[in-house]
Amino acid sequence: MVLKSCCVYSVGVVSVLMLILGISLVLTSVFPHLVQSMVKKVIVLKNDTDAFEAWKDPPAHIYMQFYFFNLTNPQEVLDGERPAVVEIGPYTYREYRPMEQIDFQDNGTKVTAVNTKTYIFQRNMSRGPESDLIRTVNIPAMVSNSLQFKVISLLHLLLWGYEDGLLKNNASNDGEYVFFTGQQNYRDFSRVDTWKGESSLNWWTSDECNMINGTIGTGFHPVITKNDMLYIFSSDLCRSLYTVYEEDVTVKGITGYRFVPPSSVFANLTVNPDNAGFCVPAGNCLGSGLLNVSVCKEGAPIIMSSPHFYQADEKFAQDVFGMTPNKEEHQTAIDINPVGITTLKLKCLIRSRVLKIIMSFSFSQTGNVRTVVFPVAYLNESATIDDTAAKKLKAIGVQQNVVENIPFMLIGLAIIVGGIFMFLVCQQKVPEVSFALGSLGTSKALYKYRPLSDQIFRYLDHLPPSDLILSILSCHTNPLHVPPPLYPCVRFPSFPPAWQLHLQNPLSNISTTLPL
């Protein structure tokens, strides 16, 4: 009996210890930190690793979709009317952007590479062929301070439109980069150290605006939180920008975080004083939502904005009939797996090409033309994780969830063991009733019942009262005696563990006390 009680209470002790351990592990986040520590060590730009292969040649299919604004009222514009445009597109190109000329430096802490980009037209994903015609401004004429409108083919505009032709440098790169590998600090994974041999830019009027921050946008450091700012350097935009967490998303069954550039990125200095350096020449600031990049495009009058002047001052969209900015279609967003480096989905719409056409009296033939920011084209650079990578990432996610939920499993097991302990304790409290039947000189039969039931009393009802006297003895000194005539009426629904059943043979005056 003592050994049995010890085993029961040992189960209870084990249950409590497991519960305390489980709660402690949850509060200290031991296992999530363990997973993150392992990820930080594994995700490094190093030969023969998955992270390096994904960085070297992104497995996701990247597409560049071009949308053009066809001018429908050229003569009216020359007469001073508001331009009216119709969006035409998409015209889709498959983009290949492998890292080439890779060379590790500084004991593997840095790596140099060029990001060569090649574009292949996808007719089945496009509105029409590259030979489609649109009417827009004559961009080379604009560079020479002459306003003209011209009907040209899309291919001509893309390849020869102006110095920064969208696809003019097909199968070429934008210069040599030096990236951090993340070996010394996981947050430096694929971060740009220098571009074209320089650690900063020289186009803008403040050191802050000339900083090269972040990655090139194809991947980010592991273990991303909702409080992080993800920085991106874009040579097309001639600047760095940042994105902030917006919401949780699910891409192909994988949970991720959506990061978007806030409106403050392109806000003018009255809204965001940090952007004062982007006013070129110094003090010459555009409205919010626009970026004058002519200083880095060899003087071409090019302004960057989100499509349809999304997040820009309302006057820019109002100046051009046909502008319909909305968040769903025109917001740049990056959906990223928070643990690993994988970009789940990319929708980059920042690099919108618009031309700022400022007419003055020097344009004798266009003296009536109003000052307007005229949209030419915008592009959507998009990519979604492929099925193979998604399946692999799901498997990793399952393993991660199992490891991180070990404390909760331990708490659940502790509750189960605690339930078993309570059951055993309750079973111990149910009395085991023993009584002896027979007379002196004969062998006594010992019967045990658990729990005590009416069957006992129905059996006792058939015994003569003279055979035995039934009494209940407590563990104290004053027993409660039950006279023989009353025993058929006695009922014992439950007994404290210390009570006993006392059986006495009146003829021999020999009694037996049995534990309940």
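Student: Which residues make the nonpolar surface patch of about 390 Å²?

Tutor: The nonpolar surface patch is made by L19, I23, L27 and I415, and its area is about 390 Å². Before going further, please keep in mind that this is a predicted model, in which local features need pLDDT of at least 70 and side-chain atom pairs count only at pLDDT 80 or more, while totals for chains, interfaces and linings use all residues. Residues are numbered from 1 along each chain as its sequence is written, and side-chain values use heavy atoms, with hydrogens and water left out.

A patch takes residues with over 30% relative accessible area and no salt bridge, joining like charges within 9 Å and nonpolar side chains (Val, Leu, Ile, Met, Phe, Trp, Tyr) within 5 Å. A salt bridge here is a side-chain nitrogen of Lys or Arg within 4 Å of a carboxyl oxygen of Asp or Glu, and accessible areas come from the Shrake-Rupley method with a 1.4 Å probe, only the protein chains shown counting as cover for residues.

Helix α1 (residues 2–28) gives the largest share of the nonpolar patch, 3 residues; helices (H or I, at least four residues) and strands (E, at least two) are DSSP runs numbered from the N terminus. I23 has its place in helix α1, and because its relative accessibility is 38%, I23 counts as partly exposed, a class lying between buried (under 20% relative accessible area) and exposed (over 50%).

T118, in strand β5 (residues 118–121), is also partly exposed, with a relative accessible area of 25%. The C-alpha atoms of T118 and R97 are separated by 6.5 Å, although these residues lie 21 apart along the chain.

Turning to the cysteines, the structure holds 2 disulfides, a disulfide being a pair of cysteine sulfur atoms within 2.5 Å. One of them is formed by C238 and C296, whose sulfur atoms are 1.9 Å apart, and this link is right-handed, with 85 degrees about the S-S bond. The pair links distant parts of the chain, 58 residues apart: C238 is in the loop between β10 (229–234) and β11 (239–251), and C296 is in the loop between β13 (290–292) and β14 (302–305). Both C238 and C296 are buried.

A disulfide also joins C279 to C285, with 1.9 Å from S to S; its torsion about the S-S bond is about 110 degrees, so this disulfide is right-handed. C279 counts as buried at 5% relative accessibility, whereas C285, at 28%, counts as partly exposed. When the bonded cysteines are numbered in sequence order, the pairing is 1-4, 2-3. C209 is in no disulfide, and the nearest cysteine sulfur, that of C279, is 8.3 Å away. C209 counts as buried, because its relative accessibility is 4%.

The last feature is a sheet. Strands of a sheet pair through backbone hydrogen bonds, either parallel or antiparallel. Here an open sheet of 4 strands runs in the order β3-β4-β8-β9, with antiparallel pairing, where two strands pair if DSSP finds at least two bridges between them. Its edge strands are β3 (99–105) and β9 (192–195), each of which pairs on one side only. Strand β8 (residues 176–180) pairs with β9 in the antiparallel sense over 3 bridges, and F179 has V192 in β9 as its bridge partner.

How values were computed
Buried < 20%, exposed > 50% of the residue type's maximum accessible area, 1.4 Å probe, protein only.
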